[in-house]
Amino acid sequence: MSNQYSQNTIHGCGIGLRLDHFDELANKPNNIPWFEVLSDNYLIEGTVQRDYLYEFRKDNPVTFHGVGLSIGSTEPLNQEYLKRLKKLKDDVQPAWISDHLCWTSAHGVVTHDLIPLPYTQSVVEHIVDRISQVQDYLGEQLVIENVSSYLQFKSTEMSEWDFINEVTHRSDCRLLLDVNNIYVSAQNHKFNADDYLFSMPAERVAEIHLAGYEDRGTHLLDTHSRPVTQPVWELFEKAVQHVGDVPVLIEWDNDIPSLDRVIEESLTAQKIQQQVLSNNLHGALNGNSV
Amino acid sequence: MDNKKAIKTIQADFIDALFGGDIASAAKHVTADSTLTAEQRVGIYSGSVHGILTQALGLTYPVCRSLVGDKFFDNMSKIFINKYPPTTSFFAEYGNNLALFLSTFEPVKDIPYLVDIARFEWARQKVYHHKTNQQLDFKSLAEVTEEQQINLNFKLSKTLHLIQSDYRIDDIWFAHQEESELKLEDIDINEAVKLFIWKDKVSVKISLMSQTEEDSAYWDFLNAIEVGATLGDLAETFGEKLAEYLNQSIQNGWIRSFTTH
């Protein structure tokens, strides 16, 4: 199946591939540079969605993004899930596969939600071992995303950013830097988002995520149902300064608007990214430190 | 307690709290502040998990949702989710117990066809998500000896599902489709039906098989296969029609394989 696919160059500002936009994407040319595929929705062979993905991939660069690895769980890795993911990877050839630094299932129950972990040395060891197992099985580096959270554990021993640095370094995985998640967690736990952002290992960042949250009064909820907010755009500017020219993706999973509206959001991201990169270039040419 | 055991305990307590158990058991691991208590923070996750799963159930069971109303469906889902937490990573495989749950759920007893609508919607979901089989190889069937034929069992394709109901569930379902002009009040709800729910390349089709004796007999034939009738049993029951039914079923791709023991 390999030779029927287009090049898989991931660059610029892409969007998530969503069922709501299938028909429009199939029938109308677009200039979207790449798409992120929610891999968990395509893990059943023979489905109409999977056939659509095979067709779609012929003309579009894609990456995979999932929630089912449950990398922080204390139960054994789900071999059936991994097997299906690898088969889909072999069939579709995404540029990379990402999942979240959290747990989603334990004790035989799958929550389908992203539950945070206590940030301890013991959990670092546990996660590093599991990421290594996944990377060995898939035969490639995994890309791990920082999650938004609404609680912290009493047993936590280190900051989330130190935890991420140690996990990514020791497992030699890459990082999906979700800027919205940093902002949401910073507001919910009252820490400085800049401290988190500028501690991130820039050289490991494969991708940036942007999305919209809901303000629930007592906390921000990461719903992916709204436009990106102004403070997150501002943090994104800083993120581009920190990590440079990295692919960016707009996530919109609930109350999904028209394709044009999602594209509009990605163009805003592109404009900000290009402005920051251009300023950095000019600064460098003028001998300023950037 | 060693650290590995500690995280295992945290996850067990969270699973319990998220699916209707005691929130305090998870909250004891969580810090509180002036904005939210530890219980409230765990409650955010409980709400989020139920929201995700209720949305998934609503997508699988849109007509059930419409029949009972959004608010009722959401509240009912909460009870269902706590009773049947997901054990699968694949959304398309979650919710198979809803018909069973509804069959003993007293608040819906006034909608007697709801259980069968749930069975119908689950069948649509299952059929839709199954791969269309290669047609059964006639040659392999011809190689079966006469002795083996007596105990031969056919297997139906998973892209075909048979449903029988005391209610006109196909029309009830159609009446809830956007493009349908059929109104619920115009349906003779108490008309019993036999249905095929099957996948035709990319879409799920419904065939009503109880309008004529011929259709009904063909439904009975495939149903007999599904419940384990041997070729000998089928020959005895369907006599001269057997060859025609078998041929038709193989052509339709509804018989995927056979065993001879």
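**Shape, sheets and contact**

Author: Start with the radius of gyration of chain A. A compact globule of 290 residues would have a value near 19 Å, and chain A has 19 Å, so the two agree. Keep in mind that this is a predicted model.

Reader: What box do the C-alpha atoms of chain A fill, and how many helices and strands does chain A have?

Author: The box is roughly 55 × 45 × 40 Å along the principal axes. Chain A has nine helices and 12 strands. Buried residues make up 48% of its 290 residues. Of the contacts in chain A with a separation of 6 or more, 78% join residues 24 or more positions apart.

Reader: Why is chain B called more spread out than a compact globule?

Author: Set the value against the rule. For 261 residues the globule rule gives 18 Å; the radius of gyration of chain B is 24 Å, well over that, so chain B is more spread out than a compact globule. Its C-alpha atoms fill a box of roughly 80 × 55 × 30 Å. Chain B has 13 helices and five strands. Buried residues make up 35% of chain B. Residues 24 or more positions apart account for 61% of its contacts with a separation of 6 or more.

Reader: Back to chain A. What makes the strands a barrel, and in what order do they run?

Author: Eight strands close on themselves in the order β1-β2-β3-β4-β7-β8-β9-β12 of chain A. The pairing is parallel. Neighbouring strands are turned by 30° against each other on average, direction ignored.

Reader: How do you know that β8(A) and β9(A) pair?

Author: Count the bridges. Pairing needs at least two. Strand β8(A), residues 174–178, and strand β9(A), residues 205–210, have four, in the parallel sense. For one position to look at, Leu175(A) stands opposite Val205(A) in β9(A). Helix α8(A), residues 230–243, lies across both strands and runs at about 170° to β9(A).

Reader: What makes β5(A) and β6(A) a hairpin?

Author: They pair in the antiparallel sense over three bridges. Two residues lie between them. His107(A) in the turn has a positive phi of about 55°. Ala106(A) has Val109(A) in β6(A) as its bridge partner.

Reader: Why is β6(A) called largely enclosed?

Author: A residue is buried if 20 or more other C-beta atoms lie within 10 Å of its own. Seven of the seven residues of β6(A) are buried, so the strand is largely enclosed by the rest of the structure.

Reader: Which residues have the most contacts inside the largest nonpolar core?

Author: Val179(A), Leu210(A) and Ala118(B) do, in a core of 140 residues. Helix α7(B), residues 114–128, gives the most to this core, with eight residues. Leu210(A) touches Val179(A), among others, and its partners also include Val228(A), Phe236(A) and Ile250(A).

Reader: Now chain B. What makes β2(B) and β4(B) edge strands?

Author: The sheet is open, with three strands in the order β2-β3-β4 of chain B and antiparallel pairing. β2(B) and β4(B) each pair on one side only. Neighbouring strands are turned by 20° on average, direction ignored. β2(B) and β3(B) pair over six bridges, and β3(B) and β4(B) also pair over six bridges. Leu160(B) stands opposite Trp198(B) in β3(B). Asp200(B) has Ser203(B) in β4(B) as its bridge partner.

Conventions
Residues are numbered from 1 along each chain as its sequence is written. Chains are lettered from A and ligands numbered from 1 in the order in which they are written. This is a predicted model: local features need pLDDT of at least 70, side-chain atom pairs count only at pLDDT 80 or more; totals for chains, interfaces and linings use all residues. Axes are lines fitted to C-alpha atoms, for helices over the stretch in contact, and angles run from 0 to 180 degrees between N-to-C directions. Two residues are in contact if their C-beta atoms, placed from the backbone, lie within 7 Å. The radius of gyration is taken over C-alpha atoms; the globule rule is 2.2 Å times the number of residues to the power 0.38. A residue is buried if 20 or more other C-beta atoms lie within 10 Å of its own, exposed if 12 or fewer, and partly exposed in between; C-beta atoms are placed from the backbone. A nonpolar core is a set of buried Ala, Val, Leu, Ile, Met, Phe, Trp, Tyr and Cys residues joined through C-beta atoms within 7 Å. Lists of a residue's contacts leave out its neighbours within four places in sequence.
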